[in-house]
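Have the viewer open as you read.

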Amino acid sequence: MALLPILCFPDPRLHKVAQPVQAVDARIKALIADMFETMYHAHGIGLAATQIDVHERLIVIDTSEERDQPLVLINPEIIWASAEMKVNDEGCLSVPGIYDGVERHEAVHVRALDGEGQSRVIEADGLLAVCIQHEMDHLLGKVFVEYLSPLKRNRIKTKMLKVQREERR
Ligand code: NI
């Protein structure tokens, strides 16, 4: 297993649209293991392949307190979403240190392949529903700061670029 570098906003590669995973083979399984290792190491609750510069529809999630409920979503599709919406504070491993409110469906049902390539439906609400919607946005090339006002987004962009410049020194 290996830790993978996570792309940081405003890296343009975060805006690439991911393609469907063609087969849940040894390459994808190794990638899943590396993505979990990377996500747990970074203390994240979700990681989309887009964030590690792999543009395939693959997400790993663990929203449990104990960090012992890994969830793999391959080629996820939302098949139902609640009419009820809710604003939650979100953060992102690709936008470190930034948290802000985003409106999402309170609950969603998602059809996806699991890590063995089996099709399943996940009925999610609360934090898991937020996380799934956030990660699925990544696969479409969308970062959560794009829901914020242009003013806020530009402030975040400036801050991120400054941090990245300082890290390179
Ligand atoms: Ni994110």
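Donors here are N, O and S atoms within 2.8 Å of the metal (3.2 Å for Na, K and Ca); water is not among the atoms, so sites may look incomplete. In sequence, the nickel donors follow the spacing C-x41-H-x3-H. Cys 92 sits in the loop between β4 (85-90) and β5 (100-105), while His 138 belongs to helix α2 (residues 126-139), so this pair ties together parts 46 residues apart in sequence.

The protein donor atoms are Cys 92 SG, His 134 NE2 and His 138 NE2, at 2.1 to 2.2 Å from the nickel ion. Both Cys 92 and His 138 are buried (under 20% relative accessible area; exposed is over 50%, partly exposed in between, with a 1.4 Å probe and protein chains only).

## Strands around β6

Helices (H or I, at least four residues) and strands (E, at least two) are DSSP runs, numbered from the N terminus. Strands pair if DSSP finds at least two bridges between them.

β3 (residues 71-81) runs antiparallel to β6 (residues 107-113), with five bridges, and Ile 74 faces Leu 113. Leu 113 also stands opposite Ser 119 in β7. β6 and β7 make a hairpin with five residues between them, and Gly 117 in the turn has a positive phi of about 85 degrees.

## Ground rules

This is a predicted model: local features need pLDDT of at least 70, side-chain atom pairs count only at pLDDT 80 or more, and totals for chains, interfaces and linings use all residues. Residues are numbered from 1 along each chain as its sequence is written, and side-chain values use heavy atoms, leaving out hydrogens and water.
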